[in-house]
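Visitor: I have a model to look at for class. Could you walk me through it?

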Amino acid sequence: MNPLSRFPEGSAAELYYEIYGLARGAPYHTIVRLEREGHRSVFGALRGLFGGGRAPVLLEFDAAAEGPVTRVHRGVALRDVPKGTYRLTVVISDPASGLRATRTRRFQVVAR
């Protein structure tokens, strides 16, 4: 992530993370979710109950570990993400053991 935790509108956030302890070829599952902080309302909560609410960016994928250390680079396009403060959450899970690791970072999307 950007050390300043600020990204211009329409840019991309480049993610880098490492996964430790999986054997080469072992599958893992990744979820990347971007959610705007604040801006919650009763109507927004109701919309979420009926399937209308969603994160502006949600990526989910499966991959195979490279070995004891797996280094991952991913880009998250922010082209449709309006200015504001966001939480980016990455969840890595091991389907074999059911173990999950979750990390969250806050950042801002600002005017160009």
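Guide: A term to begin with: buried means under 20% relative accessible area, exposed means over 50%, and partly exposed is in between (1.4 Å probe, protein chains only). By that scale Glu37, at 21% relative accessibility, counts as partly exposed.

Visitor: Ok. Where does the model come from, and how are residues numbered?

Guide: This is a predicted model, where local features need pLDDT of at least 70, side-chain atom pairs count only at pLDDT 80 or more, and totals for chains, interfaces and linings use all residues. Residues are numbered from 1 along each chain as its sequence is written, and side-chain values use heavy atoms, with hydrogens and water left out.

Visitor: How many helices and strands are in the protein chain?

Guide: The protein chain has 1 helix and 7 strands. Their order from the N terminus is β-β-β-α-β-β-β-β. Helices (H or I, at least four residues) and strands (E, at least two) are DSSP runs, numbered from the N terminus.

Visitor: Back to Glu37. What does Glu37 pair with?

Guide: Glu37 forms a salt bridge with Arg106, and their closest N and O atoms are 3.1 Å apart. Arg106 lies in strand β7 and Glu37 in the loop between β3 and α1 (42-49), so the pair ties together parts 69 residues apart in sequence. Arg106 is exposed, with a relative accessible area of 52%. A salt bridge here is a side-chain nitrogen of Lys or Arg within 4 Å of a carboxyl oxygen of Asp or Glu.

Visitor: How many salt bridges does the structure hold?

Guide: The structure holds 3 salt bridges. One of them joins Glu18 and Arg71, with the closest N and O atoms 3.6 Å apart. Glu18 is in strand β2 (residues 12-20) and Arg71 in strand β5 (residues 69-77), 53 residues apart. Another joins Glu35 and Arg87 at 3.4 Å, N to O. Glu35 lies in strand β3 (residues 27-36) and Arg87 in strand β6, so this pair links parts 52 residues apart in sequence.

Visitor: New topic: is Asp94 buried or exposed?

Guide: Asp94 is buried yet has no salt bridge. The nearest side chain of opposite charge, Arg100, is 12 Å away. For charge, Lys and Arg count as positive and Asp and Glu as negative, while His and the chain ends are not counted.

Visitor: And where does Asp94 lie, and what is it in contact with?

Guide: Asp94 lies in the loop between β6 (84-93) and β7 (100-110). Leaving aside neighbours within four places in sequence, Asp94 is in contact (heavy atoms within 4.5 Å) with Leu22, Pro27 and Leu99.
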